[in-house]
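Trainee: I am new to this structure and would like to learn how to read its features one at a time. Could you take me through them slowly?

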Amino acid sequence: MPSMAAENNSNVSLAEQIKQQANEAFKANKFAQAIDLYTKAIELNGENAVYWANRAFSHTKLEEYGSAIQDASKAVEIDPKYSKGYYRRGAAYLAMGKFKEALKDFQQVKRICPNDPDASKKLKECEKAVMKLKFEEAISAPTSKQQSVAETIDLRTIDVEPQYAGARIEGDVVTLEFVKKMMDDFKNQKMLHKRYAFEIVLRTREILMALPSLVDVNVPNGKHFTVCGDVHGQFYDLLNIFELNGLPSADNPYLFNGDFVDRGSFSVEVILTLFAFKCMSPSAIHLSRGNHESKSMNKIYGFEGEVRSKLSDKFVELFAEVFCYLPLAHVINEKVFVVHGGLFSTDGVKLSDIRAIDRFCEPPEEGLMCEILWSDPQPNPGRGPSKRGVGLSFGGDVTKRFLKDNNLDLVVRSHEVKDEGYEIEHDGKLITVFSAPNYCDQMGNKGAFIRFEAPTMEPKIVTFSAVPHPDVKPMAYASNFLRMFN
């Protein structure tokens with residue numbers, strides 16, 4: 001019979017072999033597989049800080065920042081002098097916009113590795129981010145006293161130069177011809193004149209302001225309706241969706257389910273295209289807020305920087321304002337419930353509760369609005385902590401009770417990259433749809449959209465692959481600090 005020491009040595013050796021397999025999976029961008037393998041290594045030898053820190057890094061790649069923080073915290077608990085544990089945790093805090101917590105971890109990295117130039121550089125950038133945050137907090141006016149940015153813009157004072165050869169809005173109508181010309185200009189990397197960009201965003205604001213927080217959509221018998229998930233600034237893949245499924249119109253309506261912007265470096269083109277179609281025909285396209293339609297995410301993940309570069313500082317404020325008017329949920333034919341993230345931390349939530357949400361604000365860190373934007377399904381029943389660090393995870397029993405309580409048949413949500421562009425869970429009662437193929441130019445996933453046809457409303461899922469785009473990398477406009485970690 002082998003001794004306990006021999007068995008331990010065997011486990012340690014096997015764990016190292018599995019760690020190497022996990023490292024290879026990570027290098028191949030197979031982050032979920034890497035997490036599974038690091039987990040097996042941890043089960044064999046849970047006292048190795050490296051395994052925990054490596055799994056934390058894999059979670060970060062999947063945007064599971066809550067899980068990354070837990071794993072990195074375990075790494076530094078095992079070895080308080082393991083600098084990479086603090087580094088991984090700091091990076092996860094940073095990705096969540098928690099600069100002050102990130103600063104503490106990078107200060108600890110610097111204490112452990114005082115001569116590491118990379119650690120010094122990141123600490124300096126983090127200190128600058130925290131100082132900027134404090135300055136912005138100091139000069140910001142209370143929400144109740146803030147003037148609407150939209151109300152300060154006078155289109156009559158913005159001239160269009162005679163030499164401008166791009167798309168023009170003639171008169172008071174946004175036409176299909178204008179939208180097509182604008183998209184063609186965007187495809188050729190030409191920007192819309194600020195006069196017309198302002199007009200599109202301001203008109204969209206007026207339309208969105210009049211909508212409830214939960215929008216009811218009616219699809220007549222014999223007609224269809226398409227739901228798309230996250231697009232994340234991947235404009236050329238958006239054009240491909242329209243090639244595959246037709247342009248939005250009253251007879252070919254779409255719902256884009258949040259996260260139009262950030263990460264992809266053509267977010268301005270995406271949002272102006274979606275908003276232009278909304279102006280052209282409000283029934284042709286429905287738009288739902290995602291967790292990335294918020295100041296904190298846009299500041300970190302590139303949209304703010306892109307807007308400053310392509311348009312102006314004024315547009316940064318205007319988009320932030322208009323994003324607060326986006327509806328939070330849609331119900332199609334009284335049967336299909338569509339939200340960006342997911343369901344709730346308590347049972348008994350009714351559609352009337354969602355309609356009653358005062359959504360005209362930045363997303364809070366808890367409550368129904370937060371959970372709609374951030375939550376994720378889980379395979380196990382019940383509820384659990386969010387792997388993202390915001391919202392929660394909910395099981396199939398939660399989904400089924402919500403549907404039964406509200407006389408609904410199906411939940412459609414987005415918010416998570418899926419290898420095939422979609423995933424059907426909770427015994428067919430929940431579908432995740434994600435429409436950004438080869439997400440961030442590295443995940444290798446397909447994109448998908450869902451077509452519903454009335455009266456049956458059976459979901460028909462169409463998948464598609466990424467198309468080429470100009471050589472502008474994802475996150476090209478993200479904060480300097482975040483780009484260091486990618």
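Mentor: Let us begin with accessibility: Gln108 counts as partly exposed because its relative accessibility is 21%, where buried means under 20% relative accessible area, exposed over 50%, and partly exposed in between, with a 1.4 Å probe and protein chains only. Please keep in mind that this is a predicted model, in which local features need pLDDT of at least 70 and side-chain atom pairs count only at pLDDT 80 or more, while totals for chains, interfaces and linings use all residues. Residues are numbered from 1 along each chain as its sequence is written, and side-chain values use heavy atoms, with hydrogens and water left out.

Trainee: Where is Gln108 found, and which residues does Gln108 touch?

Mentor: Gln108 is part of helix α6 (residues 99-112), helices being DSSP runs of H or I with at least four residues and strands runs of E with at least two, numbered from the N terminus. Leaving aside residues up to four places away in sequence, Gln108 touches Pro80 and Tyr86, contact meaning heavy atoms within 4.5 Å.

Trainee: Is Ser288 buried or exposed?

Mentor: Ser288 is buried, since its relative accessible area is 0%. Ser288 sits in the loop between β4 (285-287) and α12 (295-301), and its contacts, not counting residues up to four places away in sequence, include Leu255, Phe256, Pro327 and His330.

Trainee: How many disulfides does the count come to?

Mentor: In general, a disulfide is a covalent bond between the sulfur atoms of two cysteines. With the rule that the two sulfur atoms lie within 2.5 Å, the count comes to zero. Cys228 is in no disulfide, as the nearest cysteine sulfur, that of Cys440, is 18 Å away. Cys228 is buried at 0% relative accessible area, and Cys440 counts as buried at 17%.

Trainee: What volume does the second largest pocket have?

Mentor: Rolling a probe the size of a water molecule over the atoms shows where empty space is left. On a 1 Å grid over the protein atoms alone, a pocket is an open set of points where a 1.4 Å probe fits, with protein on both sides within 12 Å along at least five of seven lines, and lining residues have an atom within 4 Å of a point. The second largest pocket has a volume of about 630 Å³, and among its 29 lining residues the closest to its centre are Ala32, Leu62, Glu64, Val417 and Met443. Helix α2 (residues 31-44) gives the largest share of this lining, five residues.

Conventions:
Grid points are joined across faces, edges and corners, and a volume is the space filled by probe spheres set on the points.
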